[in-house]
Amino acid sequence: MHEIYLGRQPIYDQHLEGFAYEWLYRPNGLRNEAGDLDHNHATAQVVLNAFLGFGLDELVGDKRAFINLPRDFIAG
């Protein structure tokens, strides 16, 4: 079985209530860091793992989701 890791950083509003989550690439569940990586590959993995591996409801519920996208990822 292939393990999937995805970081989820909460984003709070001005009242310190949970507003959204930022999804983060995590290639290894034992370390909470992305390390040296290809940003386009990391973005693709976040999107694939979030939607296919987990699903929006499980990851964010009724909150919003944010993903950092490198410029060349969007333009390509």
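Helices (H or I, at least four residues) and strands (E, at least two) are DSSP runs, numbered from the N terminus. The model is predicted, so local features need pLDDT of at least 70 and side-chain atom pairs count only at pLDDT 80 or more, while totals for chains, interfaces and linings use all residues. Residues are numbered from 1 along each chain as its sequence is written, and side-chain values use heavy atoms, with hydrogens and water left out.

**Exercise 1.** State where Leu-69 lies and what it touches beyond its sequence neighbours.

Solution. Step 1: Leu-69 is placed in the loop between S3 and helix H3 (71-75). Step 2: contact means heavy atoms within 4.5 Å. Leaving aside neighbours within four places in sequence, Leu-69 is in contact with Thr-43 and Ile-74. Step 3: the C-alpha atoms of Leu-69 and Asn-40 are 7.9 Å apart, although the two residues are 29 apart in sequence. Step 4: buried means under 20% relative accessible area, exposed over 50%, and partly exposed in between (1.4 Å probe, protein chains only). With 41% relative accessibility, Leu-69 counts as partly exposed.

**Exercise 2.** Describe the order of elements and the pairing of S1 with S2.

Solution. Step 1: the protein chain has three helices and three strands, in the pattern β-β-α-α-β-α along the sequence. Step 2: two strands pair if DSSP finds at least two bridges between them. Strands S1 (residues 6-12) and S2 (residues 18-25) run antiparallel and are joined by seven bridges. Step 3: Arg-8 has Trp-23 in S2 as its bridge partner. Step 4: five residues lie between the strands of this hairpin, where Leu-16 takes a positive phi near 60 degrees.

**Exercise 3.** Identify the residues of the largest nonpolar core and the elements that give two or more of them.

Solution. Step 1: a nonpolar core is a set of buried Ala, Val, Leu, Ile, Met, Phe, Trp, Tyr and Cys residues joined through side-chain atoms within 4.5 Å. Step 2: nine residues form the largest one, namely Leu-6, Tyr-21, Trp-23, Tyr-25, Ala-42, Val-46, Ala-50, Leu-59 and Val-60. Step 3: S2, helix H1 (39-54) and helix H2 (56-60) each give two or more residues to this core. Step 4: for the protein chain as a whole, 22% of the 76 residues count as buried.

**Exercise 4.** Find the aromatic pairs and classify their geometry.

Solution. Step 1: rings of Phe, Tyr and Trp (its six-membered ring) pair if their centres lie within 6.5 Å; planes under 30 degrees apart count as stacked, over 60 as edge-to-face and the rest as tilted. The count comes to two aromatic pairs. Step 2: the ring centres of Phe-19 and Phe-66 are 6.5 Å apart and the planes are at 35 degrees, so this pair is tilted. Phe-19 is in strand S2 and Phe-66 in strand S3 (residues 64-67), so the pair ties together parts 47 residues apart in sequence. Step 3: the rings of Trp-23 and Phe-51 have centres 5.9 Å apart and planes at 80 degrees, so this pair is edge-to-face. Trp-23 in strand S2 and Phe-51 in helix H1 are 28 residues apart. Step 4: Trp-23 is buried at 3% relative accessible area, whereas Phe-51 is partly exposed at 44%.

**Exercise 5.** Locate the charged end of Arg-8 relative to the ring of Tyr-21.

Solution. Step 1: a charge sits over a ring if NZ of Lys or CZ of Arg is within 6 Å of the ring centre and within 35 degrees of the ring normal. Step 2: the charged end of Arg-8 sits over the ring of Tyr-21, 4.1 Å from its centre.
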